[in-house]
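Let's take a walk through this structure together. Have a look at the sequence and the fold, and then we'll start with the strands.

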Amino acid sequence: MPNTESPASAASDLRRLAGALVADEPLNWVITGDSITHGLVFTQGGRSYAEHLHEMIRGELERTRDIVINSAISGHRLVDILDDWERRVSSWTPDVVTLMIGTNDMSTGGPREVISPEDHAASLREFVARVRALGAVPVLQTTPPIDSVNAPERARVAEFADAVRAVAASEDVILVDQLARFTELGAGGIPWGLMGDPFHPNAAGHAALAAKLAGVLGIRPAPERSRTLPLLDAQVAAARIYS
């Protein structure tokens with residue numbers, strides 16, 4: 001997916017992606033992050049947001065030669081992805097790289113060093129620079145909310161979300177503000193029916209993540225083939241948000 005506009009920006013990346021989605025050349029998508037993106041356990045057998053994206057791209061858009069890779073690993077921080085860059089990102093020769101990270105980075109519990117929002121922002125800038133050096137489109141996502149009463153070690157969620165937003169603005173990168181979306185769904189609070197524990201979304205939460213990500217990236221299957229997005233919206237609507 002060549003970049004015909006320089007310098008790269010969120011707007012030019014969205015135009016590149018829109019053009020690529022209607023072109024014949026196949027795309028490689030790398031979706032990376034931590035346990036939320038890994039998508040195990042807390043979905044209780046339901047699909048993760050990466051799997052929903054896979055179905056929309058390779059099924060409903062009929063882009064059967066596209067490859068969608070989920071390289072997220074539970075428990076990891078952004079520094080772990082940067083330290084394992086070839087395996088996690090570059091070896092797949094990506095055209096698009098999405099990142100949702102921070103749930104472990106913000107933690108003040110456990111044996112690992114405490115990371116400041118400023119250090120996290122610096123790592124995010126390095127991530128963006130590396131993705132752009134590959135000629136790929138970087139996509140940053142904020143994390144879903146944290147029930148800080150039951151996960152006080154992760155109470156800095158707002159600060160880390162602000163770091164992601166600041167980097168997306170300063171580096172002119174596509175931003176998918178999942179925290180804002182979940183807060184909207186929860187009427188200003190935590191949408192309990194979308195959460196599997198204090199910080200992992202459940203299957204309905206992954207439906208919300210997928211719908212938001214697809215909307216920002218312009219993944220809109222033709223009406224006659226669009227099955228996933230209506231199902232995702234229905235799953236979110238049926239969730240007992242405030243229970």
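Two strands count as paired if DSSP finds at least two bridges between them. Strands (E, at least two residues) and helices (H or I, at least four residues) are themselves DSSP runs, numbered from the N terminus. What you see is a predicted model, where local features need pLDDT of at least 70 and side-chain atom pairs count only at pLDDT 80 or more, while totals for chains, interfaces and linings use all residues. Residues are numbered from 1 along each chain as its sequence is written, and side-chain values use heavy atoms, with hydrogens and water left out.

So much for the ground rules; now to β4. This strand and β5 run parallel, joined by 3 bridges, and valine 139 has isoleucine 174 in β5 as its bridge partner. To get from β4 to β5 the chain passes through α7, in a right-handed β-α-β crossover. Right-handed here says that, with the strands pointing away from the viewer, the path from the first strand over the helix to the second runs clockwise.

β4 also pairs with β3 (residues 96-100), again in the parallel sense, over 5 bridges. There, methionine 100 stands opposite glutamine 141 of β4. Together with α6, these two strands make a right-handed β-α-β unit.

Is β4 buried or exposed? 5 of its 5 residues are buried (under 20% relative accessible area, with a 1.4 Å probe and protein chains only), so the strand is largely enclosed by the rest of the structure. Val137, Val139 and Gln141 point one way, and Pro138 and Leu140 the other.

Next comes α7, residues 157-170. Its buried residues are Val157, Phe160, Ala161, Ala163, Val164, Val167 and Ala168. Just after α7, aspartate 172 takes a positive phi of about 55°.

Finally, the cores. A nonpolar core is a set of buried Ala, Val, Leu, Ile, Met, Phe, Trp, Tyr and Cys residues joined through side-chain atoms within 4.5 Å. The largest has 41 residues, and Trp29, Leu53, Val139, Leu194, Leu217 and Ile219 touch the most other members. Helix α9 (residues 203-217) supplies its largest share, 9 residues. A second, separate core of 22 residues includes Val89, Val97, Leu124 and Ala163.

How values were computed: Buried < 20%, exposed > 50% of the residue type's maximum accessible area, 1.4 Å probe, protein only. Expected span 1.5 Å × (residues − 1).
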